[in-house]
Amino acid sequence: MYLRTISRRNRDGSTVRYLQLAHNVWDPERGYARAEVVHSFGREDQLDREALARLVRSMSRFLDPDQALEATAGSQLVFVGSRPLGGAWLLDQLWRRLGVPEAIGRAVGGRRLDPGVERVIFTLVANRALAPSSKLAALEWAAQDVALPGVGDLGGDPQVFYRAMDFLLDADTAIQEQVFFAVANLLNLTVDVILFDTTSTYFETEDDDEFRRYGNSKDHRPDRPQVVVGLAVTREGIPVRCWSWPGNAADTMVIRQVHDELRDWRLHRVLWVGDRGFASQTNRQYLQRAGGHVLFGEKLRAGADNLTTLARPGRYAVVADNLHVKEVWVGEGTTRRRFIVCRNLAEAERDRARRDKALARLTTELAAIAGKTGDARLAAEGELLAHPTLRRYLTRRGGTLVVDTAAVSADAKLDGKYLLSCTDDAIPAADLALLYKSLLDVERCFRDLKHVIELRPIHHRKQQRIRAHVTVCFLALMLIRVAENTTGQTWPRIRRQMQRMHLGQFTGPAGHVTQRAETTPAQREILRALHLKEPPIVLDLQPTTPPRRARNRA
């Protein structure tokens, strides 16, 4: 059924158009369909258009809202614009599944707080995961460059973000605990191993205070003040919790706070895995409180027990193609320590090549020094002795610098090796070696924090805002890791595929409609792996409501 117009020419040459409601009926005698008029609306120039509009609205009641709008608007719909929806939709669904809104609601308690603070915090987290930027730029991004579910107009003042960050810092512990246990239940994590490490992030300014302090920079920027960021991760690579400390924080203070706060989460009877920077006797003893155990990397060239371990003979067991392990016990009784000597054959070859290159350079340098005298000779020798690598192979004989063949031979025995110590006797040595290699997951978390989520630059000066910024980045990292572990894909690929799902905005005389693009097979695969529903096709529909006629009450 359709509307059609017919034209008739008058004797005076004018044309009159008539509007008819018709439908096609098959004529078996003629062998083709012919139009049959159901109703004639009369002349077009005398048409009661209001009556026709009432008829259209009456029929539209039996259509879906989007079909009604499309039918009433027809070709008059205008495409206004589009914004990416898929990435924000995925993050929002994971955010809700992990119970973050409920955790924030409980943290609010009876305090007077803007009810939209949870959406503001989510906006900050989504910004770090999708398009990291400053707080001021994030306002424009949220308003014009992305479709954020449930996020209304945030205005143009970044104070809305700062107020939310101040609250986030107050509720930091409760929110992180809630999120962690939700993730543990969601992914069936076995929290019997905690991988822990720290990194540092520096500030462009040279001004320091009680929090931004100069310290041992892991970014190789000792000329800039910094803060220390700590991260605890499960063996599956899922972040447990993050911390931030002044840039000159001592490792003993760091270890004590991490242990005590995770003990409050009932995570104390675990195996703590850390690198050799934390392998002090004091740290080992503190982490063993309440039944915990430690697996630490050890320095190869320091400590009497370490040197004794490396000198012990014994056979290596093959763990993988390039990984062999040997178990060694040192001491007796309560002082007995368990060591695992690990040997990587590929790394051993690289160590040998690096040493050969260093010795070739030494030979050249020493030959050049032999031709110098006086202060020039002393200066050249001083440069070699100050070199962090070359000085290892030098010694003096008769007042002359020469290559120390004994040091070279001793160094060759350490090619491809690294040393571990563990207080748990029940875990096989091969498993301990593989667990220690899992620290690479922590390093990957730090790389993603710095280069994907862009922890730096930090556009904050106050300590509480810096801490809150680190927490926002941590929450973004948590969502990213859950998505990666569940789908088996990297976050850059997930983000790229999901951001291709756009939300289009259309408007016309009949109203406004917001409709998303069709789901692609790649997007459907990601959502199915995460057990998330697809967004509805039409997210917003606002038909134009005609003004009601005033009833005659006389």
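Strand β1 (residues 2–9) and strand β2 (residues 15–27) are paired in the antiparallel sense through 8 bridges, where helices (H or I, at least four residues) and strands (E, at least two) are DSSP runs numbered from the N terminus, and two strands pair if DSSP finds at least two bridges between them. The model is a predicted one, in which local features need pLDDT of at least 70 and side-chain atom pairs count only at pLDDT 80 or more, while totals for chains, interfaces and linings use all residues. Residues are numbered from 1 along each chain as its sequence is written, and side-chain values use heavy atoms, with hydrogens and water left out.

Two helix pairs are set out below; axes are lines fitted to C-alpha atoms, for helices over the stretch in contact, and angles run from 0 to 180 degrees between N-to-C directions.

| Helix pair | Angle | Axis separation |
|---|---|---|
| α7 (159–170) and α17 (463–487) | about 85° | 9 Å |
| α3 (86–97) and α18 (491–498) | about 120° | 7 Å |

Angles under 35 degrees count as roughly parallel, over 145 as roughly antiparallel, 65 to 115 as roughly perpendicular and the rest as oblique. The helices α7 and α17 are therefore roughly perpendicular to each other, whereas α3 and α18 are therefore oblique. The α3 and α18 contact (heavy atoms within 4.5 Å) is made by Gly-86, Gly-87, Leu-90 and Leu-91 of α3 together with Trp-491, Ile-494 and Met-498 of α18. By class, this contact of α3 with α18 has 5 nonpolar, 2 polar and no charged residues, where Ala, Val, Leu, Ile, Met, Phe, Trp, Tyr, Cys and Pro count as nonpolar, Asp, Glu, Lys and Arg as charged, and the others, Gly among them, as polar. On the α7 side of the other contact stand Tyr-162, Met-165, Asp-166, Leu-168 and Leu-169, and these meet residues of α17 including Arg-465, His-469 and Leu-475. The residues of the contact of α7 with α17 divide into 7 nonpolar, 3 polar and 3 charged.

The largest pocket has a volume of about 1200 Å³; on a 1 Å grid over the protein atoms alone, a pocket is an open set of points where a 1.4 Å probe fits, with protein on both sides within 12 Å along at least five of seven lines, and lining residues have an atom within 4 Å of a point. Grid points are joined across faces, edges and corners, and a volume is the space filled by probe spheres set on the points. The lining of the largest pocket comprises 38 residues, of which Arg-276, Leu-300, Glu-347, Lys-417 and Tyr-418 lie nearest the centre, and it divides into 12 nonpolar, 7 polar and 19 charged residues. Its largest share, 7 residues, comes from α16.
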